[in-house]
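Please look over the sequence and the model shown here before reading on. The text below walks through a few of the structure's local features.

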Amino acid sequence: MTNFVGLRLHTRLPLPVLGDVSATATSTTLSRAVLKKWNWRVKGPRRMLLGLGVSFLSMAGSKSFIALARITAGPSVDEILKNVEWPDQFPFKEEDFQRFDETPDSLFYEAPRFVTHIDDPAIAALTKYYSKVFPPSNTPGVSILDMCSSWVSHFPSGYKQELVVGLGMNEEELKGNPVLTEYAVQDLNVNTKLPFADNSFDIITNVVSVDYLTKPLDVFKEMCRILKPGGLAIMSFSNRCFWTKAISIWTSTGDADHVMIVGSYFHYAGGFEPPQAVDISPNPGRSDPMYIVYSRKLSTA
C-alpha cells in the first residue's frame with residue numbers, strides 16, 4: 001500500500017528504452033542524429049540509450065546547456081560525464097528553473113507524506129550502492145548530511161554514525177527518520193545558506209530531490225563549503241517527480257540530460273573534482289531507473 005500511494009503522487013517522466021542501435025528504424029535514425037549532433041564517440045558494445053534523441057534534438061540550435069556542451073565519450077550513462085568540454089559560463093537561464101507551481105514550497109510540503117518516492121527495487125539498488133561507498137558504521141569522527149531528507153534515507157539496515165543530520169521540509173517526517181541523530185527544517189529554495197560550519201561533513205546525500213532546486217548553484221557551493229576536503233556528495237535520482245514542483249529544464253528533458261544537468265551543478269559550483277555518473281538501475285525497463293551523479297570536494301578547496 002505504501003508504494004501504491006507513493007506512485008499515485010508522482011509523474012513518471014519518459015523512460016529511455018535500452019536496446020541495440022538497430023532495434024527500430026526510427027530509433028536508429030534518432031540515435032545516429034544524436035551521435036552526429038553531439039560528436040559522441042562510441043566505444044565498446046553498441047549499447048545505446050534510445051529515446052534520448054527527442055529531448056536532445058529538441059534543444060539543438062538553442063543556446064541551452066545541451067547545445068553548448070560537447071560530449072566526447074561513449075553514450076552509456078556511466079560514460080556521459082567523462083571528457084565533457086564544458087562551456088565557459090553556466091549556460092542555464094532563469095526561466096530554466098521556474099516551475100509550473102510557484103506557490104510556496106512550504107505549503108506543498110506542509111502535510112507529511114510517509115510514502116516512498118521510488119519503487120522497492122530502486123530503493124534496494126540505492127541502499128546497496130550506499131553500502132559500498134559509505135564508511136563502516138560507527139566510524140569515529142564520520143558525519144553525514146542527508147539533504148532534502150524525509151522519514152526514510154535508504155541507508156543500509158542498522159547503519160549508524162555519531163552524527164547523521166537530516167535537512168528537509170517537513171518536521172514530522174524528519175522526526176520519524178530512525179537514522180538521523182539531528183534534523184533541521186529549511187526550504188532551500190528560499191534560503192540556500194546551509195546551517196552548518198565549514199568542513200563539517202564527510203558525506204552529503206540527496207535522494208530524488210535535486211530536480212526541485214531552483215537555485216542549484218548556490219546550494220552546491222554551500223555543499224562544497226560544508227564538506228570536509230575529500231568529502232563525497234552523492235546525488236541520486238530516477239524518472240519520477242512531483243512534476244508541478246520540478247524545474248522546467250528537468251521536466252522537459254530525459255534521463256541522460258538529467259545526468260548532464262546535475263554534473264553541471266558540480267562543475268560550475270567550483271571546488272569539486274570532475275563529477276562522475278553511474279547507472280544503478282536494477283531492472284531496466286521493468287522498474288524505476290536509478291542514477292547517481294557524485295563528486296568529491298577537492299582536497300585543496
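The model is predicted.

Helix 10 runs over residues 255–269. With 15 residues at 1.5 Å a residue, helix 10 should span 21 Å, and its end C-alpha atoms lie 22 Å apart, which agrees. Buried here means under 20% relative accessible area. After helix 10 comes glycine 270, and the phi of glycine 270 is positive, near 80°.

Leucine 107 belongs to helix 5, which covers residues 105–108. Its relative accessible area is 53%. Because the cut-off for exposed is over 50%, leucine 107 counts as exposed. Methionine 169 is 62 residues from leucine 107 in sequence, while the C-alpha atoms of the two are 9.9 Å apart in space.

The last topic is the strands. Strand 13 (residues 291–296) pairs with strand 10 (residues 227–237) in the antiparallel sense, over six bridges. Within strand 13, isoleucine 292 is the residue opposite serine 236. Strand 13 also pairs with strand 12 (residues 276–279), again in the antiparallel sense, here over four bridges. Tyrosine 291 in strand 13 is the bridge partner of aspartate 279.

Methods:
Residues numbered from 1 in each chain as written. Predicted model: local features only at pLDDT ≥ 70, side-chain atom pairs only at ≥ 80, totals over all residues. Heavy atoms only, no water. Helix = DSSP H or I, 4+ residues; strand = E, 2+ residues; numbered from the N terminus. Expected span 1.5 Å × (residues − 1). Buried < 20%, exposed > 50% of the residue type's maximum accessible area, 1.4 Å probe, protein only. Pairing = 2+ DSSP bridges.
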